[in-house]
Amino acid sequence: MSVPTAGRGVVRRALLHQLDEVLASRCGLVVGPRGSGKTTVMRQWARTSRLPVVWGRCTPAGIAVRSGARTLVLTPDELGQSVLARRSPTLLVLDDAHELLVRRVEDDLEQLLVSSSPDVHVLLGSVRRPVFSLARSEFPPPTVVTPADLRLRVWEVDRLFRDVYGHPLALDDVDVLTDETEGWAAAVHLFHRSTSGLLPADRRRAIRSLGSDTSYVRDYLVDEVLAPVDRPTLDLLHWGSAFEELTARRYEELVEGTARPPLLGLGREGTAGGATAGAGTAGVGTVGEGTAGEGTVGERAAGEGTGGSSAVGGAAVGVGAGGEGTAARAAAQLRSLDRRWSLAWSEDGVRFRLPRVLRRHLQVAHAEHLGPTAARAWRQRAETVLRRDTAAGGDLAGESGHDARADGGDGRTGSAGATRDQTWVAVVQAATRRDPLTHARAARDLPGAAGAFAEGLCLLLAGDQRTARDALRRAAADPDAPPAVALGAALADAALTRGPAGRALTTFDRVHTAARREDLPWLARLAHGLVVGSDGTRTARAEAAALAARADREGDVWGAALVLSWAALAAMAAGSAEPDTWDDLERRWRALDAAVPAGWARACRALAAAALQLPDARQEAQSAEAVARAAGSPGALAYAYAALAATDPDGGAELRAFAVATADEHGVDVRPWAALAAATPESPVRRPRAVDDPVWGGVPLVDVRCLGEFRLRVDGVDADLSGVRPRARAALRVLALHAGRPVHRELLAEALWGDLDPRAALHNLHVSLSAVRRALEPGVPTRSSRLLVRDGETYTLVLRPGSTSDVAALDRAVREAARLRAVGDDAGARAELTCAVDLYRGDLLPEDGPAEWVVGERERLRLTAADAAVALAELELAHGRYDQAVAAATRGIRLDECRDHAWRVLVAAFTAAGDAAAAHRATQGYRAMLDTLGVAVGGTPGVGAARGGTPVVPTPIRRAHPTDVGPAPDGVSRARGTPPPRSPRGSPASPGTWS
């Protein structure tokens, strides 16, 4: 009884942390409409729960449970007895529980929880909430994941298209897609399927048309979402789709004057569960079906040709006394849409909203059903009802639900602060320039939550994180606080509070959702940045950089600096020492006249330089101390002392104690120098053991190196493979090459034991991988391995977040560079290409020689690195960095000496730099390479200096990415020769070189 294999998707980290509470509550509910991703989330959590899992899929016939190769269909009572008989910790997962949730079944599940030991946990996935009586002392209330929780967030849609679908979108497009689909997983996936074959420009046009086009999701809505819904509810959905927020009173007034309110079913089936949709009309439905010849409301209105608001019920008799019954039944149906179908949601039980995609589909379908004249009358009638309701101040203040805010817009900020009360913003901005402790005292004089918020931010700039948390929590808990203040304080408090990562992610997520609802884009962007930057990985930093670039374009330069600073701090806490990142941040903060954050950046740069043992690390630390003193930030001064301690061979211990004492005195809890203490150029920082992360259930952090040599580190320690046989080590290397991806066992067996019959080969494979598991996770039973996992007929070397693989990182950097160049971000592309070239430390897995399973991939990666080097050289040359262009082009030639374009870039770089002698030597090398390949060459090259000493720069050529690279040097003929032989390294020449 195992967990079904999960399909492709992003890891929903915040939801997985939320479901961890099931381990205490014993019962969890994942409730959402069809296509909201319930099953995917439950699969992800079940795989990381550390519990044996019994997975059942509910059907009208019973609960289908897979046992080995068989599928058993059991009654709830039989399944419950089976689980109880296990007498061991067990997680029972019931997917599609709504198929069985009736009173008797719910009583059986409740009895199962009551009678079982505390080790039995139940997780249900359903479109509606069960009616459990869980308000009893035997167990706490269940953990509930709601439809709102299941919606994909902006960063998850971004990762889905980039990492899973392989079609990365611009952040603006991700925002539009997430907003228009409201993160509904099925709609996002169906949009991908409908646009996967389009060119990028066509896909962008499709995104821009989402506001009016629901054709990509129409069939799914009709066949899956609306098909089970009864006819009266369908009628209400179609007529009520005219309103963004639907109430029973609005619905009653809309249908008032019709011959028969569509909800009532006209006496034939007067109950709420009356006539159901027929096979051909599940998504449309008709209104007012009655005696023969009466026709529909739409037909009558169309026939009369009336166009005013009364056309909806033009010749019909009024509802009269039946109106109150219509409103009551409408209210019941709206509650049913929320509780039974999860197709509407309400914050107050009166106003109900439909999913945006569903509402638009219903509007289009209903208009088509009514016909043009009646559809126009329907919309006009809805507008009249809405105006009357708004003027009367009835159920709603307005269509938006919050038009008349008590705060009068207070707290709505742009990139710099609030629009009405700028006082707290002025105090905080002054604190960024100098002496934040003085400004913290001034902030205490400000009234209300704004004063507490300003005080907390000033204390944070000073480094007093402990006291800052108290002030921020006061601001976040103030019921009278403006939205920007309350949400900003909650965000800062979550970032400062140590504890499970999931708790902070959940808060970031909720602040992001609330900020979007309150129309605070700067705060939503900041919460987005905190989510994506929290991992501390290179991918996280790239996502944060993309978000910061967008903030810069929109004028939110403070938000961009904060997002980048958070990502850099998270990377440092994970053990990444990158002085250049902090150097860039210091320049960014100084451009904002923010000397205090700049001082923090200088101190962090000094820590990174000390960890890497850079030659100027001592001077950096001394400079950081002086800058921190001038800024008046005790926290930054503690960081500088720690950097000085790391660079002082004699008095390091005394300085380290001084740094700790300063941090203790001033409330500095975040101390990254502990994580960087072990960092050297040869010895990566040892990260904390993964068992501390509840999401990944003890999966170790691994660092996989396959380029130049094979090296595997588990939780920062080199794996001891000395006792593992050579063929078993080879099996590990195959899995390491594909780390994070499943490899079929037959491929492994064929690659390593191809000379044996299949049965013997598979036996050897199983024995070898058992030995590898014991070596990688000593003391862990091989069947309980979390690092080398078997799923059906595949094996995977698991890469949890924070783990690294140089092969995967190289491929990712090259893909990201291509995307950034396509959108014109040369600086970002340069960084990614530099990363890719640096990652290529040598041939792939040289230990495996000419083994067939590695040769092809080895050649691909070598050529990929050569491509990256030449592309980097082109960028450097285009921006006038000639020395860097020479170095990159030379690296490309060393990787593939027959790469025509690399030679031409090299000659162009030397020529542009004015080094005629070097350009001449490069030209001679180019000619020699062409001669080796049998390509005809001419006479003496003409590269040198023109008259007057001006360097001759070859005329640029047209390539996929325009650069200043010219054609072949003078004297080199482009006459077509015979097809070139294989390069001297035994590899095919680079594709596209010869034309």
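Analyst: Quick definition before we start: buried means under 20% relative accessible area, exposed means over 50%, and partly exposed is in between (1.4 Å probe, protein chains only). This is a predicted model, where local features need pLDDT of at least 70, side-chain atom pairs count only at pLDDT 80 or more, and totals for chains, interfaces and linings use all residues. Residues are numbered from 1 along each chain as its sequence is written, and side-chain values use heavy atoms, with hydrogens and water left out.

User: What makes helix H13 mostly covered?

Analyst: Seven of the eight residues in H13 (248-255) are buried. Those are Ala248, Arg250, Tyr251, Glu252, Glu253, Leu254 and Val255. Helices here are DSSP runs (H or I, at least four residues), numbered from the N terminus.

User: Why is the pair of phenylalanine 191 and tyrosine 216 called edge-to-face?

Analyst: Rings of Phe, Tyr and Trp (its six-membered ring) pair if their centres lie within 6.5 Å; planes under 30 degrees apart are stacked, over 60 edge-to-face, the rest tilted. Here the centres are 5.9 Å apart and the planes sit at 85°, so edge-to-face it is.

User: Why does this pair tie together parts that are 25 residues apart in sequence?

Analyst: Because phenylalanine 191 lies in helix H9 (185-195), while tyrosine 216 is in the loop between helix H10 (200-208) and helix H11 (218-225).

User: How do you know whether phenylalanine 191 is buried or exposed?

Analyst: Its relative accessibility is 2%, so phenylalanine 191 counts as buried. Tyrosine 216, at 14%, counts as buried too.

User: What makes tryptophan 558 and tryptophan 589 an edge-to-face pair?

Analyst: They come out at 5.9 Å centre to centre, with 65° between the planes. Both tryptophan 558 and tryptophan 589 are buried.

Conventions: Helix = DSSP H or I, 4+ residues; strand = E, 2+ residues; numbered from the N terminus.
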